[in-house]
Amino acid sequence: MPESWIVVAVAAVLGFFVGSINPATIIARTRHADLRQGSGNPGATNVGRVLGLRWGVVVGLLDVLKGLLPTLLALLLFDRFTAYVVGLATVLGHVLSPFLRGRGGKGVATSLGAVLAVFPWFGLGMLAFFGLMLWRTRWVAGSSLAAAALLGLYAGFAPLPDPVAAGRLWGITIALVVIVRHHENIRSWVQRRLA
């Protein structure tokens, strides 16, 4: 457990702030684009639809970095528990951005960044799994959901560094956040299957 809960709280607030900065919206404004086109989501996938693949990749990388860097910094400066808290805060900041009136992205890239900070080898494996699923299905949302499910399974059953309980809760929570944020994609997929 952390030596100072004040440090954890301050780090969490800073992580939430960093996470709430939305590169998709910033880049869209500088390019005079409207992200209400496409899916309407302020994330990398929709930027790719509206502005082209290159800008989608740029936004995706920036979203990964805003999950990776604060979480890694917390891990190096403090402890693993604080890193878990900061990682979750960056993801929540992304999906509930106060700058967007609580309407943020779906948290996939930011979650990947946080995972890469605390579970680097698994994070790389999760990225490869996402890439494989995307190659097979050509469906970004489905590939994101599959990667989130893989994270949940890893957190639930794999041997983790101490504090183990915090790591399990963290990984499962991150996975659930991503899955819940894709509820519309899940509903659309179910409706197509039942049609």
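How many aromatic pairs does a search of the whole structure find? In this predicted model, the search returns 7 aromatic pairs. One of them joins F17 and F99 in an edge-to-face arrangement, with 6.0 Å centre to centre and 75 degrees between the planes. This pair links distant parts of the chain, since F17 lies in helix α1 and F99 in the loop between α5 and α6, 82 residues apart. F17 is partly exposed, with a relative accessible area of 45%. Elsewhere, ring pairs link Y84, F119, F122, Y154 and W170 into a cluster.

In soluble globular proteins, nonpolar side chains tend to be buried together. Here the largest nonpolar core comprises 31 residues, and V115, F119, M126, L151 and W170 have the most contacts inside it. At least two residues of this core are supplied by each of α1, α4, α5 (80-95), α6 (108-118), α7 (120-137), α8 (140-157) and α9 (164-181). The most is given by α6, with 7 residues. When neighbours within four places in sequence are left aside, M126 is in contact with L112, V115, A147, L150 and L151.

V7 is placed in helix α1 (residues 5-20). The relative accessible area of V7 is 31%, so this residue is classed as partly exposed.

Conventions:
Residues numbered from 1 in each chain as written. Predicted model: local features only at pLDDT ≥ 70, side-chain atom pairs only at ≥ 80, totals over all residues. Heavy atoms only, no water. Helix = DSSP H or I, 4+ residues; strand = E, 2+ residues; numbered from the N terminus. Buried < 20%, exposed > 50% of the residue type's maximum accessible area, 1.4 Å probe, protein only. Core = buried A, V, L, I, M, F, W, Y, C linked by side-chain atoms within 4.5 Å. Contact = heavy atoms within 4.5 Å. Phe/Tyr/Trp six-rings, centres within 6.5 Å; stacked < 30°, edge-to-face > 60°.
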